Amino acid sequence: MHGADRFPCDQCDYIGARKLHLQKHKQSMHEGARYARDQCKYKTRYKDALKRHKQKEHEVTKLPSDQCDFTTAYQQDLTRHKESQHEDLGHPTTTTDKTVIELRKELDAAKNEVESLMKVQRTLLDHNNRLWETLQTQRKQNTDQETEIDKVKEEIIRCQIRIDVLEKENTRCESGCKQLEQENILLTTQVELWRTKFDLLTKSRAREGGNKENLIN
């Protein structure tokens, strides 16, 4: 059953799985008899039930009981009637008291069975309602998780963009460092050359000074 295909009754707590179920529920629980027979007192909420009654009770040849006024359109019903109303294990009954008691027992048993079935139906309905609520909760949780996932994806994209920018900056820094290293090497070489030249000039001046002293002496 899909969550979207639920049809609640506007007069009670009933919820139908199909629109047809809701219509039948309203007819049986909230609407009075809509179809009546003009030849007898039979009334029903359903057109099909009236049609079956008409065929069974008014249009078919009746089979009468030879022991009472009972009539029926079916042989099996007549046989069942005789067995339940006029025979008791092959012996005729003297009164109808036992038949009435048996009918009451059967009626009570049928009522108990109907009540049991109604309890089962209520249990199933409660279970379905709880399942529906659980599914709705899970759907909301899934929606929240999808929202969080989208946020994480956005953060990942932003971080990746930042990483790309930093990598480009790092590349430029590495290029700059290499250039500075080359300039440092060049300056170091120039300093060595100037020191060498300075030493040569110092030695040359010293020799010239010595020569002057020798000439004076």
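Helices (H or I, at least four residues) and strands (E, at least two) are DSSP runs, numbered from the N terminus. This is a predicted model, in which local features need pLDDT of at least 70, side-chain atom pairs count only at pLDDT 80 or more, and totals for chains, interfaces and linings use all residues. Residues are numbered from 1 along each chain as its sequence is written, and side-chain values use heavy atoms, with hydrogens and water left out.

**View 1. Glu102 in helix H4.** Let us start with Glu102, a residue of helix H4, which covers residues 97-216. Glu102 has 33% relative accessibility, so it counts as partly exposed.

View 2. His81 counts as buried because its relative accessible area is 12%. Leaving aside residues up to four places away in sequence, His81 touches Ser65, Cys68, Phe70 and His86, where a contact means heavy atoms within 4.5 Å. The buried residues in H3 are Asp77, Leu78 and His81. They lie on the same side of H3, because they cover an arc of only 100° around the axis; the arc is that of the directions from the helix axis to the C-beta atoms.

**View 3. Arg6 and the ring of Trp132.** In this close-up, the charged end of Arg6 sits over the Trp132 ring, 5.1 Å from its centre. For a charge to sit over a ring, NZ of Lys or CZ of Arg must be within 6 Å of the ring centre and within 35 degrees of the ring normal.

View 4. A salt bridge is a side-chain nitrogen of Lys or Arg within 4 Å of a carboxyl oxygen of Asp or Glu. Side chains of opposite charge can pair when their charged atoms come close. In the whole structure, the search finds 4 salt bridges. One of them joins the side chains of Glu155 and Arg158, at 2.0 Å from N to O. Both residues lie in helix H4, 3 residues apart, or about one turn of the helix. An α-helix has 3.6 residues a turn, so residues three or four places apart point the same way. Glu155 is partly exposed because its relative accessibility is 41%, and Arg158 is partly exposed with a relative accessible area of 44%.

View 5. The salt bridge between Arg172 and Glu169 has its closest N and O atoms 2.1 Å apart. About one helical turn separates Arg172 and Glu169, because they are 3 residues apart in helix H4. Glu169 has a relative accessible area of 34%, so it is partly exposed.

View 6. In the salt bridge of Arg195 with Glu192, the closest N and O atoms are 3.9 Å apart. Arg195 and Glu192 are 3 residues apart in helix H4, so about one helical turn lies between them.

**View 7. Where to read the model with care.** pLDDT is the predictor's confidence in each residue, from 0 to 100. It averages 77 over the protein chain, and 76% of the residues score at least 70. Confidence is lowest in strand S3 (residues 35-36), with a mean of 55, and highest in strand S1 (residues 7-8), at 87. Over residues 89-95, pLDDT stays under 50, and the model has 6 contacts for this stretch beyond four places in sequence. Of its 217 residues, 8% are buried.

Conventions:
Buried < 20%, exposed > 50% of the residue type's maximum accessible area, 1.4 Å probe, protein only.
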